[in-house]
Structure formats: structure tokens, C-alpha cells
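Have the structure open as you read.

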Amino acid sequence: MLSILTINVQAAALARAQSLLTWLLQRDDHVVILTETSNGPGTRHLLTGLGAAGLFITHQPSLDGDRGCAIASRTPTRPAPGFTTGISLPGRAPAVTLDTEPAVTILGLYVPSSDRAPAKLDKKRTFLTTATDALTQLSVGDRAHLVVGGDYNVISRDHQPRYPGFRPFEYEFLDALTTLGLSDVHRTLHPEVQAHSWIGRAGNGYRFDYLHAGPGLLPHLTAAAYLNQPRLEGFTDHWAHSADIDLRSARGRGAGTGTGTGTGTTETPLTSVRLFRRAAR
């Protein structure tokens, strides 16, 4: 079983980062996508602590202090630069390929937030456009075993409650993921549930945090949930979002068939992944 978690860490200060690290290490996720990382001591403590526990860390701090995204994995990883070619803010879009069977690539995204200020809208639009272009340029094989996840800062067209003010380009990002064969894992398993992952100042719920899976993984989803504990405990202002994928049943179905960069044929049987997780606790 491959377990994946995405959580917005809200540029955690040191005290919150310490609590969040304890919570994450008590869990047993293979992969954690951390969004809204910073260059500060809280993020440094969080990533250092995860690394000390045996996780492989991928994080590219921004030179200008912009917020970013990191991936921590109990499963060995290798860089997957071909999955992020041309994305406008690379520190917000790390990608790694897991040493699993079949090989799974994780693309984390922390989409810029925005009010209606033109500069912020342009930053967000450019990031979403270039991320969509990068995914479009991948081969069908590359997308088959791809997981995209993080804080997208967009809502779906049919989101409940409905909110005015979102622009067409914001809705179009989720449309593009669907067109490219990347399916919303929570909606796939819970089609009647309107989940929320962030509460606004007026008390309204928004679903900003997502996990999307390629067609080679979609039939093997076993669970997806939004976890409110980190928010209730004050570690962050977001729900975490988790998903489980049964790689045993996906084994041998298109593994290693990607034709573009970022995929490979070096694979570790799932039994080895489980042993690695035990050793890293």
C-alpha cells in the first residue's frame, strides 16, 4: 500500500513546526507533500526532523523568500525534472519518482494565492498556465502513474457553497487535470461529498487541497480522506488530505512504460518499501 498525505504547513513558526513534526512522525505515510513552506526556522526544523527520521527530502528554497513546496518520502526517490519543465516558480513544484513497483512520480504544487490585485492574479495565472503546459507535454505513459497533490488555491465549478470572484483561469486548471486523465481521488471515492480543507474569515469552507492520480493508479485507490486534527490542534489552518493506493494490484500494469523524462525502470518491490518504512520509524 502506498500512502500519500498533503498538508499546508502555513509557513509554520518553530513552535508549531515542532508539534506538526511530532504528528507527522506518529503517522506512517510513505509520502508527505508539504505546501506553504518558507525559508524560516520552522520549515528548517520540520524538514531537518523528517530527514533525521530517515525520510528523503526534496525542497528548493526560493532565493526571494517566496513560499514553496517540499516532498518528504520514506520510500527512496530520484529527481524527476522532466515533469516540471517550464513551471514559472520551481520552488512551488517539486517532483520525484519513487523507487516502487510500478514506479510512481509525485508532483507537489503550492499554487500562489491571490486577492484581486493584478500582480498577484498574474503570478497565479502564470503558475497555473505553466503547470498545465508541463503536464500537457508529458506522454500518456508518464501521466499513467503520476500523483499530483498540494494546495491548488482553486475550487471546482460545482463547489458548494458557490463563491463569486473566482476567475475562469482558476476553474480551468481543475478542468485541465481531468482532460489530461488525472482524476480527483477524493471525488472518485466519495462523489457525493463536498469536502472543505480551509475555513475563511467569515466561516465559509473552501476546498483548496487536492490529490490527483493518473489512470494507471486510479483503479487501485483504496481510501481518501480529509483530516481535521492538524487544524483542530492548531498546527495549521488547513485540513490534511490523505490517500492510499494499492500498488500490489497495480503491479505489472504499464509499469515502466513512460517514454518521457522522469520515469525509469529501477524499481523496488513493495515488500522492500514496507521494510524501509519500519526502519524509518
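Predicted model: local features only at pLDDT ≥ 70, side-chain atom pairs only at ≥ 80, totals over all residues.

**The largest pocket**

- By those classes, the lining of the largest pocket splits into 10 charged, 7 nonpolar and 6 polar residues.
- This pocket's volume comes out at about 500 Å³.
- There are 23 lining residues, and S113, S114, D115, N153 and F208 sit closest to the pocket's centre.
- Helix α3 (residues 118-136) gives the most to the lining, with 3 residues.

**α3 against α5**

- The axes of α3 and helix α5 (residues 168-179) cross at roughly 15° and come within 10 Å, which makes the two helices roughly parallel.
- The crossing of α3 and α5 is left-handed.
- On the α3 side, the contact uses L121, K124, R125, L128, A131, T132 and L135, while α5 brings F169, E170, F173, A176 and L177.
- Sorted by class, that contact of α3 with α5 has 8 nonpolar, 3 charged and 1 polar.

**α1 against α2**

- Helix α1 (residues 14-26) and helix α2 (residues 41-52) have axes that come within 8 Å and cross at roughly 25°, so α1 and α2 are roughly parallel too.
- Here the crossing is right-handed.
- L14, A17, Q18, L20, L21, L24 and L25 of α1 meet P41, G42, H45, L46, G49 and L50 of α2.

Technical notes. Residues numbered from 1 in each chain as written. Heavy atoms only, no water. Axes fitted to C-alpha atoms, helices over the stretch in contact; angles between N-to-C directions. Helix = DSSP H or I, 4+ residues; strand = E, 2+ residues; numbered from the N terminus. Parallel < 35°, antiparallel > 145°, perpendicular 65-115°, else oblique. Left-handed = near helix turned anticlockwise from the far one by under 90°. Contact = heavy atoms within 4.5 Å. 1 Å grid on protein atoms, 1.4 Å probe; cavity = no way out; pocket = protein on both sides within 12 Å on 5 of 7 lines; lining within 4 Å. Points joined across faces, edges and corners; volume = space filled by probe spheres on them. Nonpolar A, V, L, I, M, F, W, Y, C, P; charged D, E, K, R; others polar.
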